[in-house]
Amino acid sequence: MASGQEFELVHCPEDWDRHDINTGSFETYNVLHNYADEIVFSLKQNKLHYVFDKNTLSTKTTKLYRDSRMAMEENGVNNLYLAMGVLKWLDYTKTGKAALTPHYAPIILIPIDLIRRPANIGFSIVQRDEEAFVNRTLLEFLKQQFGMDITGINPPPHDENGIDVLKTL
């Protein structure tokens, strides 16, 4: 993506078993790993799979496109990022029991533009002409809440394409 390539957003194929996919959760890995070969093959063709069916992907992406355009027009801010890696944690009560609701935060954020294609083609994404970065808010949260001062990823390690995602994660 760092070289300016566009990635087409594609819906979850109909032949994939979507029964156990929770589209509102980051916990879909356990189901999607069954399709890892297909996902990697699609990435090599500049296609990025979503867990939504065709209609849901179209509806959600259209809303995201409109909201991001409005934010740019009203505030001059482009607020779209592709997250690479997600940190999951649980809060603990005073009795030491974990809260039932997990929290998630993106680790690496890649600034992107959402490009609208003709209706029958849909949308694609491309990295903006800005550097990807580690979520500074997450780093500060970890420092303040847990006393964790994570060194070595701010600034993150780089390779010839920008942030070295594997080393950073």
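Guide: In helix α3, the buried residues are Leu 57, Thr 61, Thr 62, Tyr 65, Ser 68 and Ala 71. Buried means under 20% relative accessible area, exposed over 50%, and partly exposed in between, with a 1.4 Å probe and protein chains only. Helices (H or I, at least four residues) and strands (E, at least two) are DSSP runs, numbered from the N terminus.

This is a predicted model, in which local features need pLDDT of at least 70 and side-chain atom pairs count only at pLDDT 80 or more, while totals for chains, interfaces and linings use all residues. Residues are numbered from 1 along each chain as its sequence is written, and side-chain values use heavy atoms, with hydrogens and water left out.

What covers the buried residues of α3? The cover includes β1 (7-10), β4 and β5 (123-127). Contact here means heavy atoms within 4.5 Å.

Now the helix itself. α3 runs over residues 54-75, which is 22 residues. At 1.5 Å a residue it should span 32 Å, and its end C-alpha atoms are 31 Å apart, so the two agree. The expected span is 1.5 Å times one less than the number of residues.

Next, its ends. Asp 53 caps the N-terminal end of α3. A side-chain oxygen of Asp 53 lies 3.1 Å from the backbone nitrogen of Asn 55. Such a polar contact is a pair of N or O atoms within 3.5 Å; within protein, one must be able to donate a hydrogen and the other to accept it, and residues adjacent in sequence count only if both atoms are side-chain atoms. Just after α3, Gly 76 takes a positive phi of about 70°.

α3 also holds a charged pair. Lys 63 and Asp 67 meet through their side chains in a salt bridge, at 2.6 Å from N to O. A salt bridge is a side-chain nitrogen of Lys or Arg within 4 Å of a carboxyl oxygen of Asp or Glu. Lys 63 and Asp 67 are four residues apart in α3, so about one helical turn separates them. Asp 67 is partly exposed, at 36% relative accessible area.

Ala 105 sits in β4 (residues 103-116). Ala 105 is buried, with a relative accessible area of 8%. Leaving out residues up to four places away in sequence, Ala 105 touches Gly 85, Val 86, Leu 87, Trp 89, Asn 135 and Leu 138. Trp 89 is 16 residues from Ala 105 along the chain, and their C-alpha atoms are 8.8 Å apart.

β5 comes next. Gln 127 belongs to this strand and is buried, at 18% relative accessible area. A polar atom of the Gln 127 side chain lies 3.1 Å from the backbone oxygen of Glu 130.

The side chains of Glu 130 and Arg 128 form a salt bridge, 3.0 Å from N to O. Arg 128 lies in the loop between β5 and β6 (133-134). Its side chain reaches the backbone oxygen of Ile 112 at 2.8 Å. The residues that Arg 128 touches include Asn 78, Leu 80, Tyr 81, Pro 111 and Asp 113, not counting those up to four places away in sequence.

One more bridge concerns β1 and β4. Glu 6 pairs with Arg 117 in a salt bridge, with the closest N and O atoms 2.2 Å apart. Glu 6 lies in the segment before β1 and Arg 117 in the loop between β4 and β5, so the pair ties together parts that are 111 residues apart in sequence. Glu 6 is partly exposed at 34% relative accessible area, and Arg 117 is partly exposed at 29%. The structure holds four salt bridges.

Finally, the setting. The protein chain has five helices and eight strands. Their order from the N terminus is β-α-α-β-α-β-β-β-β-α-β-β-α. Of its 169 residues, 32% count as buried. Among contacts between residues at least 6 apart in sequence, 56% join residues at least 24 apart.
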